[in-house]
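Please walk through this model with the structure open beside the text.

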Amino acid sequence: MYDLTASVHKGTCSKSNIKHNRREIPAPHTDKNRKPLNEVYRDIPIEQAYHELFDEALEEYNKDKIPCRRIDNYYEHLMDLFSKNEEKVRQAKLQGASYKRLARIRQTTKKPYYELIVSLGNYDSYDGKFRNGGELEDYAIEALREYMYSFEERNPNLYVFGAYMHRDEPGVPHWHINYIAWTDMPVKSGLKKRVSEIGAFKQMGLVNGEKYGTVAFQERERATLKEIAKKHNINIVDGQHGKHYLEKQEYILTRKQIKTNEAVKQINESARQLIEKQDEFSEFIKQRQDGEAFIEHLELKAENAEYHDMLSSDSKRISEAWSEFQSVSANYFEEYRNKKQVLFKELQRARNDNRHNQQLINTTLSSIIFSNDLFIIKAVKLFTLLHRYIKGISLDREIDKLQAVNYALKQEAKQILAITNETAESIRQADYERLALQLDNYENEVKHSLCLINKIQNKTIQIDIEK
């Protein structure tokens, strides 16, 4: 008897790719020589499946309806509603909606079809003997065949229109089972026979007061697969996929937390590397008062190579530098304030009740502190050119102040990023207030610099006129 894990994973049509299941599109990771070994249990176009299931009910539904209330094509009607709902989910994600909020949005529309992926073992089981091409793969294949052949008998309200076993991928043999969940339980309005996962589970006795239908369905399918596997010398044990003891929301939230933690680590590492680089620049600036030397330093030399090509013409250099500065700053403050508003809102939530979006905090904060880099570079370049052009006016102090507030903002941001990564549950009041103060200092100093640049620019225009 071989001990293997089992995976019974259910997803919606948003994650399914029927063309991939049919191998109608190239799959670079597959072995072309093993493609003939793939098995097809059922392959019916989904439009045809919908006609077979619902045409009679749809005709009856449309009979007494005015034209604008009729449904011409039930499948296209549901897909259109589903696509609009997915767009709502996408917009909510961009706004930092919580997982529960996203789940509530998804629950407001029916899923045109689902996909179940079923497999036994994994790539490393028994030194790879159960993977595709392994010497023990036939044990798993026979068990999976028996499971598929009895699937519809167990689940009469899940209409299977596609079922494909893949044996040409590097992993283990597995089924992709595409099905439509339907019910014809009595209803006051709508089609008598219609798409409904909850209705299908109720009709199959898989919904009670203790468990979601999805949880009960997956538990039963795992139990069935376990019994079938025993006949083929396989003992299914809990492992990576043995999450049947978790309720639906707990399991999904656990997986979501793992993904979030991984994303946060990547974001923080990127932020750390960028802040280190900016610290090098800031340290260089502190030691050298000449803004022109700053322009020549490291990677900035390449970005500002055109500056050295314009030394021959003072007015031309200032004009071009001014155009560059204006292009960078055109939408800068509008975006800056929007991001700051989002950041402060999430930090406030974190302080009050810990229900904050940590990934949104990190991403927004990183975006704020690094989106000003190009702006600072162009401002320093313009200050330096104006200083060289208008004799007797020293702008070194303005350059130092602008760079100092930028450096202070980054130092404060480093602390906040470290706090959110380490605790992930609260933002300390003092750190929050210091960050707010540094953001305001930065914004005020940049406003002051803009006013000064405008005044000096007007003076250079007057000098050109006099010349």
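Asp 127 is exposed, because its relative accessibility is 75%; exposed means over 50% relative accessible area, buried under 20%, and partly exposed in between, with a 1.4 Å probe and protein chains only. Asp 127 sits in the loop between β4 and α5. Helices (H or I, at least four residues) and strands (E, at least two) are DSSP runs, numbered from the N terminus. The phi of Asp 127 is near 55°, a positive value in a residue other than glycine. Most residues other than glycine have a negative phi.

The model is predicted: local features need pLDDT of at least 70, side-chain atom pairs count only at pLDDT 80 or more, and totals for chains, interfaces and linings use all residues. Residues are numbered from 1 along each chain as its sequence is written, and side-chain values use heavy atoms, with hydrogens and water left out.

Stay in the loop between β4 and α5, where Tyr 126 also lies. Tyr 126 is not a glycine, yet its phi is positive, at about 50°. Its relative accessibility is 34%, so Tyr 126 counts as partly exposed.

Now find Phe 130, which lies in the loop between β4 and α5. Is Phe 130 buried or exposed? Phe 130 is buried, because its relative accessibility is 0%. What does Phe 130 touch, leaving aside residues up to four places away in sequence? Its contacts (heavy atoms within 4.5 Å) include Tyr 2, Leu 4, Val 172, Pro 173 and Ile 234. Leu 136, Glu 137, Tyr 139 and Ala 140 are also among them.

A pair of aromatic rings is described by the distance of the centres and the angle of the planes. The ring centres of Tyr 2 and Phe 130 are 5.4 Å apart and the planes stand at 75°, so this pair is edge-to-face. Rings of Phe, Tyr and Trp (its six-membered ring) pair if their centres lie within 6.5 Å; planes under 30 degrees apart count as stacked, over 60 as edge-to-face and the rest as tilted. The pair links distant parts of the chain. Tyr 2 is in strand β1 (residues 2–4), and Phe 130 is 128 residues away.

Val 237 lies in the loop between β8 (234–236) and α9 (248–287). Val 237 touches Asp 3, Leu 4, Thr 5 and Ala 6, not counting residues up to four places away in sequence. Val 237 and Thr 5 are 232 residues apart in sequence, but their C-alpha atoms are 5.2 Å apart in space. Val 237 counts as partly exposed because its relative accessibility is 30%.

Back to the rings. The whole structure holds 15 aromatic pairs. Ring pairs join Tyr 114, Tyr 147, Phe 151, Tyr 179, Phe 201 and Phe 217 into a cluster. Some rings carry a charge over the face. The charged end of Arg 131 sits over the ring of Tyr 123, 3.6 Å from its centre. Lys 65 lies over the face of Tyr 61, at 4.2 Å from the ring centre. The test is NZ of Lys or CZ of Arg within 6 Å of the ring centre and within 35 degrees of the ring normal.

Next, look at two helices. Helix α2 (residues 46–62) packs on helix α3 (residues 74–94) at an angle of about 105°, with the axes 8 Å apart. That angle makes α2 roughly perpendicular to α3. Angles of 65 to 115 degrees count as roughly perpendicular, under 35 as roughly parallel, over 145 as roughly antiparallel and the rest as oblique. From α2, the contact uses Ile 46, Glu 47, Tyr 50, Phe 54 and Leu 58. From α3, Tyr 74, Tyr 75 and Leu 78 take part.

Finally, zoom out. The chain has 18 helices and eight strands. Buried residues make up 46% of its 467 residues. Among contacts in the chain with a separation of 6 or more, 72% join residues 24 or more positions apart.

Definitions and conventions
Axes are lines fitted to C-alpha atoms, for helices over the stretch in contact, and angles run from 0 to 180 degrees between N-to-C directions.
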